[in-house]
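Let's take a walk through this fold, one contact at a time. Keep the structure open beside you as you read.

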Amino acid sequence: MILLKLFIAFFRVGCFAIGGAYSFLPLMEKELVNNYHWLDKNEFLDVVGMAELFPGAISIKFATYAGYKAAGIPGIIVANFANLLPPLILMLLVSMVYSRYRNIPIVKGALEMARYAVIALIVGIAIKMVKVDNLKQFKYIIVILISFVLFTLTKI
């Protein structure tokens, strides 16, 4: 039963995690923390931090961590397969359609609007991850400013 729950949770994330990287974290939190209670809020935030240490897609690292915690090695396999299946199917279908209709203005407009929706999701998770009390400390403000400057002005 736990493998089926893992499949459903990560299939859902794979279906609705539009924009990749940080944009899907609210959905991942809803599944892992709120719906199935495989992680608590603090552990979820710890996994976000750990996921940054290693290369690769964050969703795969979450599927690996939560899958292992919930059901060991079989959990890893099921969670990752479920996580990768929807984007695989959707990208296959979209690739076929896009290659045929990419020059139509409504298709271009839809893709541009999706970018702005992703920006809102990323800002939303960033706000949820910040502890307001820490913003009163100078060292945290400096880290945020330096990180923002390095991200926007350099290739670091």
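**Salt bridges between the helices**

E43 has a relative accessible area of 17%, so E43 is buried (buried is under 20% relative accessible area, exposed is over 50% and partly exposed is in between, using a 1.4 Å probe and protein chains only). A quick word on ground rules: this is a predicted model, where local features need pLDDT of at least 70 and side-chain atom pairs count only at pLDDT 80 or more, while totals for chains, interfaces and linings use all residues. Residues are numbered from 1 along each chain as its sequence is written, and side-chain values use heavy atoms, with hydrogens and water left out.

Back to E43: what does E43 form with K69? The two form a salt bridge, with the closest N and O atoms 2.7 Å apart (the rule asks for a side-chain nitrogen of Lys or Arg within 4 Å of a carboxyl oxygen of Asp or Glu). Helices here are DSSP runs of H or I with at least four residues, numbered from the N terminus. K69, at 44% relative accessibility, counts as partly exposed.

By the same rule, the count comes to 4 salt bridges. Another one of them joins R12 and E31, whose closest N and O atoms are 2.9 Å apart. R12 belongs to helix α1 (residues 2-16) and E31 to helix α2, so the pair ties together parts that are 19 residues apart in sequence. R12 is partly exposed at 30% relative accessibility, whereas E31 is buried at 1%.

Then there's E29 with K41, whose side chains meet in a salt bridge at 2.6 Å, N to O. E29 counts as buried at 6% relative accessibility, and K41 as partly exposed at 33%. Helix α2 spans residues 25-35 and also holds K30, which is partly exposed at 45% relative accessibility.

Now look at how two helices pack. α1 and α4 meet at an angle of about 40°, with their axes 7 Å apart; the axes are lines fitted to C-alpha atoms over the stretch in contact, and angles run from 0 to 180 degrees between N-to-C directions. That makes α1 oblique to α4, because under 35 degrees counts as roughly parallel, over 145 as roughly antiparallel, 65 to 115 as roughly perpendicular and the rest as oblique. By class, their contact has 21 nonpolar, 4 polar and no charged residues (Ala, Val, Leu, Ile, Met, Phe, Trp, Tyr, Cys and Pro count as nonpolar, Asp, Glu, Lys and Arg as charged, and the others, Gly among them, as polar).

Finally, the rings. The structure holds 4 aromatic pairs, meaning Phe, Tyr or Trp rings (for Trp, the six-membered one) with centres within 6.5 Å; planes under 30 degrees apart are stacked, over 60 edge-to-face and the rest tilted. One of them is F7 with F11, stacked at 5.5 Å centre to centre and 15° between the planes. Both lie in helix α1, 4 residues apart, about one turn of the helix, and F7, F11 and F81 form one aromatic cluster. Y36 and W38 are also stacked, at 4.6 Å and 10°; Y36 is partly exposed at 21%, while W38 is buried at 10%.
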